[in-house]
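Have a look at the sequence and the structure first, then read on.

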Amino acid sequence: MTTDIDGTPGAQDAPRTPPKPIKAIPVRHYGRYVSAVVAIGILVSIIYAFGQGKINWHAVPDYFFDHRIMTGVYKTLLLTVLSMVIGIVGGIGLAVMRLSKNPVTSSIAWFYIWFFRGTPVLVQLFLWFNLGLVFQYINLGPIYKNYWSAFMTPLLTALLGLGLNEAAYMAEICRAGLLAVDEGQTEASHALGMSHAKTLRRIVIPQAMRVIVPPTGNEVINMLKTTSLVAAVQYPELFRYAQDIGQNSGAPVEMYFLAAAWYLIMTSVLSVGQYYVERYYARGSSRALPATPYQKIKANMLSIGRPKGGAA
């Protein structure tokens, strides 16, 4: 027992009373309820407005799996893949040229990116498609010689217009990813005797992929939607087939809804694929990988009915 100077018992010998339980009062977010009501009201109004129109909704399921629509879906996906291959390969080459210490190659890459990023895709498509008006022949010497109209087919026009434009954007994405890697690692690899090409392939590019992959996934989704522009240069894809069916069947608006539904399906599938690719390249950069959509749904289902606070 301890005492103070005046002989009275110390404060630490006083009987201790257990602390009272804290009564947590949740904060009321009335703004959330108001915004939810407003959003639901706007959504109901939009649905009601569309319900008043003379839309033949039965035409959408009737033509949803039509062989022309399915052919358009296939050609849209094929054009997306081929254009992105051209864009990614060209973008990597342009990014390396842009970072080169050679002023000639760096200037050429800069001019290419400046031109293709500064002009609309539709203008570039029409430019490629109508070059036959000023060039009667294409003459590459002993390699190839033919009429321009026979050489510049609608498919080649679409690939050049979309792929070369995409290469300019991918060049900036790849350049940002390469610059995100610490220069010390490049210097260390050179000190070990690795060549510049091997350093890029084994050291720089694998680490840059964490920065390159997310915007590249967005570019793939954007490319799939941009393919609808090639209908203007007579290449038959999903939008062009839907447009033709709408004009022949007398239901053009319904076929536009059908095309929009197919674009939503394809972009949704690509978004899921993009998520898993980003998750793969996130390994090693974070302690815990982000949960997959299935894991999130499972966790939410298991949490239903449990009391807040984790008590059983």
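In this predicted model, helix α3 (residues 67–99) packs against helix α11 (residues 252–281) at an angle of about 45°, and their axes lie 12 Å apart. Because angles from 65 to 115 degrees count as roughly perpendicular and those under 35 as roughly parallel, α3 is oblique to α11.

**The α3–α11 contact**
- The crossing of α3 and α11 is right-handed.
- On the α3 side, the contact is made by I69, M70, V73, T76 and L77.
- On the α11 side, L258, W262, Y263 and M266 take part.

**The largest nonpolar core**
- This core holds 21 residues, and L79, L162, L178 and V230 are the members that touch the most others.
- At least two residues of the core come from each of α3, α5 (121–129), α7 (154–179) and α9 (196–226).
- Helix α7 gives the largest share, with seven residues.
- Which residues does L79 contact, leaving aside its neighbours within four places in sequence? They are L155, A158, L159, L162, T227, V230 and Y235.

**A second core**
- A separate core has 16 residues, among them V60, A259, W262 and Y263.

**For context**
- In soluble globular proteins, nonpolar side chains tend to be buried together.

Key
Residues are numbered from 1 along each chain as its sequence is written. This is a predicted model: local features need pLDDT of at least 70, side-chain atom pairs count only at pLDDT 80 or more; totals for chains, interfaces and linings use all residues. Side-chain values use heavy atoms; hydrogens and water are left out. Axes are lines fitted to C-alpha atoms, for helices over the stretch in contact, and angles run from 0 to 180 degrees between N-to-C directions. Helices (H or I, at least four residues) and strands (E, at least two) are DSSP runs, numbered from the N terminus. Angles under 35 degrees count as roughly parallel, over 145 as roughly antiparallel, 65 to 115 as roughly perpendicular and the rest as oblique. A crossing is left-handed if the near helix is turned anticlockwise from the far one by less than a right angle, and right-handed if clockwise. Contact means heavy atoms within 4.5 Å. A nonpolar core is a set of buried Ala, Val, Leu, Ile, Met, Phe, Trp, Tyr and Cys residues joined through side-chain atoms within 4.5 Å. Buried means under 20% relative accessible area, exposed over 50%, partly exposed in between (1.4 Å probe, protein chains only).
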